[in-house]
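Morning, everyone. I'll take you through one protein model, from the overall fold to the ligand and then a few residues. Have a look at it first.

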Amino acid sequence: MSKDNEILDNTYISLHRIIPFANVDGSGNRCSIFLQGCNINCLYCHNPETIPLNSNDAQRVNLTYLLNRIKDSMPFIRGITVSGGEPTLHYQELIPLFKEVKKLGLTCYLDSNGFFNYDKIKDLIEVTDKFLFDIKGLGNFEKLCFDYQNKDGKEDNKQIEKPQIMFRNLENLKKVLALSKVEEVRLVHIKGFYDPFETVRIISETIKEYPEVLFKLIRVHPKGSRDNDYIAKMTPTIQEHNDLAEYFKSISKNKIVIIN
Ligand code: SF4
């Protein structure tokens with residue numbers, strides 16, 4: 001058995017689920033892989049079952065298994081997108097997987113909340129083609145995304161380092177932009193936690209040198225979140241959402257996708 005195969009056989013990862021083909025997770029048809037565990041805790045999370053590091057919902061699988069599932073999706077996909085949870089928590093396991101996937105001629109994307117230790121995951125970034133980068137942390141996001149009480153009786157991820165620096169994900173965004181590794185920057189638009197116009201202004205300023213980067217502005221969706229009634233109160237109207245999108249268009253040349 002080759003050394004590479006040995007690594008694939010002996011490296012295990014917590015898998016939440018796989019969607020063999022998806023066309024909303026980056027360009028082209030992609031195999032979407034959802035891993036278990038997140039280092040933050042967004043109140044509006046639509047996949048709260050992926051937040052705990054350990055869960056009965058997740059399966060421990062080896063990389064050979066994952067690679068075989070990816071091969072099953074060929075030749076219908078252009079690549080894979082690994083999401084979560086927060087996929088960079090699994091940086092060590094993803095490095096050998098991405099190396100093998102690239103040998104198949106497929107691209108490897110990460111769908112990340114941007115809260116990672118850049119130096120720690122550098123080797124993963126090197127083998128990542130593009131990031132779908134969720135911007136949080138500009139303003140009073142602490143209550144929304146970092147309050148570890150934002151959970152419905154799920155186990156506390158005490159073993160995960162809590163991101164300390166609110167602006168860390170913006171700094172990380174700048175670093176991966178400089179490597180031309182960002183395809184899309186996303187913002188979930190919700191009222192009451194941050195100044196949306198100021199946040200959009202900072203995003204536009206940050207990506208303006210990278211015209212290929214898409215900005216996706218998503219109106220928060222109460223349905224499927226953990227606190228439907230509360231999130232409903234914090235949901236902007238379509239008019240408010242469109243006004244924010246218009247503001248972005250007035251100050252930026254980057255393309256925008258508006259999700260109402
Ligand atoms: S970053 Fe937020 S929305 Fe995404 S999986 Fe983690 S808690 Fe959920």
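**Overall picture**

The protein has 9 helices and 9 strands. Those are DSSP runs, numbered from the N terminus: helices are H or I with at least four residues, strands are E with at least two. A word on the source: this is a predicted model, where local features need pLDDT of at least 70, side-chain atom pairs count only at pLDDT 80 or more, and totals for chains, interfaces and linings use all residues. Residues are numbered from 1 along each chain as its sequence is written, and side-chain values use heavy atoms, with hydrogens and water left out.

How many residues count as buried? Of 260, 54% do. Buried means under 20% relative accessible area, with a 1.4 Å probe and protein chains only. Now contacts, meaning heavy atoms within 4.5 Å. Take those with a separation of 6 or more: 72% join residues 24 or more positions apart.

**The ligand**

Where does the ligand sit? In the largest pocket. A pocket is an open set of points on a 1 Å grid over the protein atoms alone, with protein on both sides within 12 Å along at least five of seven lines. To sit there, more than half of the molecule's atoms must lie within 2 Å of the grid points.

Around the ligand we find Cys38, Ile40, Asn41, Cys42, Cys45, Ile51, Gly85, Asn113 and Lys136. Each has a heavy atom within 4 Å of the ligand. By type, the shell has 5 nonpolar, 3 polar and 1 charged. Cys and Ile count as nonpolar, Lys as charged, and Gly goes with the polar ones.

Next, helix H7, residues 196-207, which holds Thr206. Thr206 counts as buried because its relative accessibility is 11%. Its side chain reaches the backbone oxygen of Ile202 at 2.6 Å. Beyond four places in sequence, Thr206 touches Leu170, Leu173, Lys174 and Leu177.

Ile207 is also in helix H7. Buried or exposed? Ile207 is buried, because its relative accessibility is 0%. Ile207 and Lys174 are 33 residues apart in sequence, yet 8.2 Å apart in space, C-alpha to C-alpha. Leaving out neighbours within four places, the contacts of Ile207 include Leu177, Val185 and Phe215.

That takes us to Phe215, in strand S8, residues 214-219. Phe215 has 0% relative accessibility, so it counts as buried. Glu184 is 31 residues from Phe215 in sequence and 5.8 Å away in space, C-alpha to C-alpha. Outside four places in sequence, Phe215 touches residues including Val200, Ile203, Ile207 and Phe248.

How values were computed:
1 Å grid on protein atoms, 1.4 Å probe; cavity = no way out; pocket = protein on both sides within 12 Å on 5 of 7 lines; lining within 4 Å. Buried < 20%, exposed > 50% of the residue type's maximum accessible area, 1.4 Å probe, protein only. Polar contact = N/O pair within 3.5 Å; in protein donor to acceptor, adjacent residues only side chain to side chain.
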